[in-house]
Amino acid sequence: MFRTYLKLAWRNLLKSKVYSLLNIFGLAIGLSCFILISLYIIDELSFDRYHTKADRIYRINSDIKFGDSEMHLAETPDVMGAVLKKDFPQVEEYVRLYNNTGAQHLKKGDSYLNEDRVVHADSGFFRVFSFPAVAGDLDEALSTPNSVVLTESMALKYFGTTQVLGMPLENIRGQVFNITAVIEDMPANGHFQFDFIFTMDNFPYEWGSFLSHNFHTYLLLQEGVSAEDFQPRLDQYITDYALPRIGQMLNVKSIQELEASGNKIAYSLIPITDIHLYSDRSSELSPSGNIQYVYIFGAVALFILLIACVNFMNLATARSASRAREVGVRKVLGSQRRQLVVQFLSEASLMALLAMLVALVLVVLALPHFNELAAKTISIALILQPRFVLFLLLLPFLVGLLAGSYPAFFLSAFKPIQVLKGKLNMGAKGGDFRNVLVVFQFATSIMLIIGTIVVYQQLAYIQNKNLGFSKEQVLVVENTWVLENRAAAFKNEVLQMPGVQKGTLSGFLPINDTYRNNQSFSKEAVLSSESGFNMQRWQIDHDYLNTLGMELVAGRNFSSTFGGDSSAVIINETTARMLGYENPVGRKIYQVGDYNSGAVNGLEIIGVVKNFHFESMHQQIGPLCMVLRNHSRMASFKVDADKIPALLAGIEEKWENMAQGMPFSYRFLDDDFEQMYRTEQRISQITLTFTVLAIVVACLGLFGLSTFIAEKRAKEIGIRKILGASVEGLVQLLSKDFLRLVFIAFIIATPIAWYAMDSWLQDFAYRIDLSWWYFAGAGVLALFIALATVSVQAIKAAMANPVKNLRTE
């Protein structure tokens, strides 16, 4: 019987080739989009789950409010992990990671290579995290001073073999590290990837602070201990260790008194498997994902698949008249309704199965481009995993059941006597349901169009907003610290080159992946809970503001003619407002020099710089000050755009003369700025791609539906044309019902899209207003697409010879 169903299904597919191709192609696009987005979501949800003990690993987060400034950090004090393990048996192991040292220059032959995927870690690193060993004993790999573990690819890069145990690895400072183990390359689906793991032993740091937050601290809790169970121990740590030191500085004796003064310190745990999607704190080890985008893409995948299924339902019910006589004959010959339902579901499943085969080919072809678009490394191996293969095997049958259920029950309900007498009355029910499906398709498409417009407008706003500094034609030469006391000479030599306008030495730049330094200050000479606050403290030279095009709104810049500028400070407008002075120039603020005693150093405010964005526009511009110090981590030069190629060659030549054997590395400030919003750019490109595909699928269904309706009304069109109807009038007659449905879809989609995009924009501290034209433009575009799709068949039907359509009457 099943074989018979398949034969009949195959014959019906071949009998109606256009109908079959439209359905198979539409379903294939829907299925391929669904599979690609499913792979993306699976990859996003898989982060850090490869660790054997992932369900017991947590990172400690810090939340600090001091004065009017708040910090939400992924870092803790250096002592916290050890203290928690000592005091609380619920902690099985801890590990600290420190990567604030920047890139390492490691010796290979006679030259040095720049490596930025480096970290210092405690000896418990491999007892907490799971990375397969290629060589060496991981339990003891980081337990001795000057030891280092490197990945397989780095062993091959530096030594040409993985048999490197005991070999020396030297950095630019002349420190020699002993290679104690080699591990496989860290997976891409982890919230950190390092190539070199250096021991924390004999790492130069002022150890023992309970208030300086510079280390990522992870805890491995005992079996059965949850984050909620451990939270009281974190509160106890604050009471026993942090509060006495804070109290000494701020003269408070309890957490309640601290919070009553408007300040706060709190610690919490986040599961390692949640970090990628649920954490976006300062000092994250890598750019975070966003669970919102997982939900958004999941909804988009489902909607595109539903649009394809809706096409099938619409076309199947529209063709019902052509299948009605078949149903009537089969019922007269004894077929039960159940058998007819199975037959129609078999046809739908066969079509879905063929569509799945086409979709898999599309997925394989599109996967490299999708990986590039989404910045992923998804491989075919993920598709071939048993659970995903089972999912792919079941999917076409689920789609066939979903898409074919309504047509199957609708067609099998025809009464044979009426059908065979030619008195088939479709009634309003079938047409109304088809209308609902068309409205659903276009409401979904309009929402996607609106979303795409809003995302692109927000990105354009970010690109064009006055940032408070000039990012164009600023060349940043990295790692100038290797020049040591020759850095200033290098800067001056470059400034003599034609095409170089200005230059500055500082590692603090208003882009990601440059230095940040949060310090405590006081409005008064005596630090208290009322006078204290935190802000960024940047070290710059005399030429910094001019090179980056920053504007002073009060006071003056640092100058070599003023000998006392080493104890002066320039603040931004946010700090000026926070201090509350009408004119802050000439006033003093006090930097906390000793967290144990609360001793402060006075700094005179000599200028106020106009607010500039030094973090992402997801965040408000916070308080910041600048002091005159030598910080030669990077050199930035304002250059002429038309001379960049020659300048790069000339600067590299000067670098090689002054830093022999050291790699020359540079970047441009505007490129780094765009990198800060790379996630949003990828999201916009992915959304645009799938929006176009969703519209294509919807148009395929609309084209097929308009074709069948034009065929159904062929005789009516013929009569109207004989009676004098114009082609324009007939096109309008055939199109107006579809356009009415698109308008209804627009009315439904607009408030939903407004709510969704307004919620998305709340994630930006600086954002666009939702303008009416975003919605009107999406509606007009959807209307135009629908009109263009329907008009093809409408014009064809209107221009057909009426005699041909009426000769059977």
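A: This is a predicted model. Start with D672. Its relative accessibility is 14%, so D672 counts as buried, the cut-off being under 20%.

Q: Which residue forms a salt bridge with D672?
A: R667 does, and the closest N and O atoms of the pair are 3.0 Å apart. R667 has 16% relative accessibility, so R667 counts as buried.

Q: How many salt bridges does the count come to?
A: The count comes to 20. One of them pairs D565 with R556, with the closest N and O atoms 2.8 Å apart. D565 is buried at 2% relative accessibility. R556 is partly exposed at 25%.

Q: Where do E615 and R516 lie in the chain?
A: E615 sits in the loop between β21 and β22. R516 sits in the loop between β15 and β16, 99 residues apart from E615. The two form a salt bridge, with the closest N and O atoms 3.1 Å apart. E615 is partly exposed at 23%, and R516 is partly exposed at 26%.

Q: What describes two packed helices?
A: The angle between their axes and the distance between the axes. Here, α3 (residues 80-87) and α6 (residues 227-250) pack at about 110°, with axes 11 Å apart. Angles of 65 to 115 degrees count as roughly perpendicular, so α3 and α6 are roughly perpendicular to each other. Their crossing is right-handed.

Q: Which residues make the contact of α3 with α6?
A: From α3, they are M80, V83, L84, K86 and D87. From α6, they are F230, L234, Y237 and Y241. By class, seven are nonpolar, none polar and two charged.

Technical notes: Residues are numbered from 1 along each chain as its sequence is written. This is a predicted model: local features need pLDDT of at least 70, side-chain atom pairs count only at pLDDT 80 or more; totals for chains, interfaces and linings use all residues. Side-chain values use heavy atoms; hydrogens and water are left out. Axes are lines fitted to C-alpha atoms, for helices over the stretch in contact, and angles run from 0 to 180 degrees between N-to-C directions. Helices (H or I, at least four residues) and strands (E, at least two) are DSSP runs, numbered from the N terminus. Angles under 35 degrees count as roughly parallel, over 145 as roughly antiparallel, 65 to 115 as roughly perpendicular and the rest as oblique. A crossing is left-handed if the near helix is turned anticlockwise from the far one by less than a right angle, and right-handed if clockwise. Contact means heavy atoms within 4.5 Å. Ala, Val, Leu, Ile, Met, Phe, Trp, Tyr, Cys and Pro count as nonpolar, Asp, Glu, Lys and Arg as charged, and the others, Gly among them, as polar. A salt bridge is a side-chain nitrogen of Lys or Arg within 4 Å of a carboxyl oxygen of Asp or Glu. Buried means under 20% relative accessible area, exposed over 50%, partly exposed in between (1.4 Å probe, protein chains only).
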